[in-house]
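User: I am new to this structure and would like to learn how to read its strands and its pockets. Could you guide me through them, please?

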Amino acid sequence: MSGERKKLSLVAGLVLSVSLTACSSPPLRLYTLDGPATTVPAPSGPLAQTAPILEISRVSLPDYLDSQDLLTRNGNALERSPNGRWAERLSNGITDLIMVRLGAARPDVFVTEQAPTGSTSTSRLRIAITRLDIPTSGQASLKANWTYISGDDHIPTRTDRTHVTSSITDNGADAKVVQTTNDLINQLSKVIASSLPR
């Protein structure tokens, strides 16, 4: 009887082990925004006292987007990736990427998230992304507006807006979200860079 009980216990353990293995999900993957401009060597050395400074505030996003979730839209429903996450809050990642892109596009300007202490002629840039939709199929879109506040009191504040789209093909749900977001932010960065005064 005890031998039969041992066999049943062994079989039950084996079935449980197999079922747990079948139910295990793929490991969590963390993603960042990146692109060719992030490999451009950053300028080094002391900053000239006359160098223009552009301070960028953290990009504003709708609350439901500003998290680490990778989201796609399916009609009115948002679907969260079960195994993929942004490595940081999306607003932080977007701000970093825009800062890199603007710095590469405008090497004559010191682009930063925090202006040096005591700098008096610092210009400021405030960016608000009002819509960022990546559908499960079809064209993705981004709507944004930004305000450029000059460090020179004689130059008026300027506000602009844009709407950009992207049609990245599906390379897997998570890869599509990352590549599409990257593409939309790159487009936004180009439009912002072209709007900045020379």
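Analyst: Let us begin with strand pairing. In this predicted model, strands β2 (residues 53-56) and β6 (residues 122-133) run parallel and are joined by four bridges. Glu55 has Arg124 in β6 as its bridge partner.

User: How many bridges join β6 to β7, and in which sense do these strands run?

Analyst: Strand β7 (residues 140-149) runs antiparallel to β6, with nine bridges joining the two. Arg124 finds its bridge partner in β7 at Ile149. The hairpin of β6 and β7 has six residues between the strands, and Gly138 there takes a positive phi near 100°.

User: What is the strand order in the open sheet of three strands?

Analyst: The order is β1-β4-β3, and the pairing is mixed. Both β1 (29-31) and β3 (69-74) are edge strands, each pairing on one side only. From one strand to the next, the twist averages 55°. Three bridges link β1 with β4 (residues 77-86) in the parallel sense, and Tyr31 stands opposite Trp86 in β4.

User: Which strands does helix α3 lie across?

Analyst: Helix α3 (residues 173-195) lies across β1, β3 and β4, and runs at about 95° to β4.

User: How should I read the second largest pocket, and which residues lie nearest its centre?

Analyst: One considers its volume, then its lining. The volume is about 270 Å³. The lining consists of 16 residues, with Pro52, Ile53, Ser123, Tyr148 and Pro197 nearest the centre.

How values were computed. Residues numbered from 1 in each chain as written. Predicted model: local features only at pLDDT ≥ 70, side-chain atom pairs only at ≥ 80, totals over all residues. Heavy atoms only, no water. 1 Å grid on protein atoms, 1.4 Å probe; cavity = no way out; pocket = protein on both sides within 12 Å on 5 of 7 lines; lining within 4 Å. Points joined across faces, edges and corners; volume = space filled by probe spheres on them. Pairing = 2+ DSSP bridges. Axes fitted to C-alpha atoms, helices over the stretch in contact; angles between N-to-C directions. Contact = heavy atoms within 4.5 Å.
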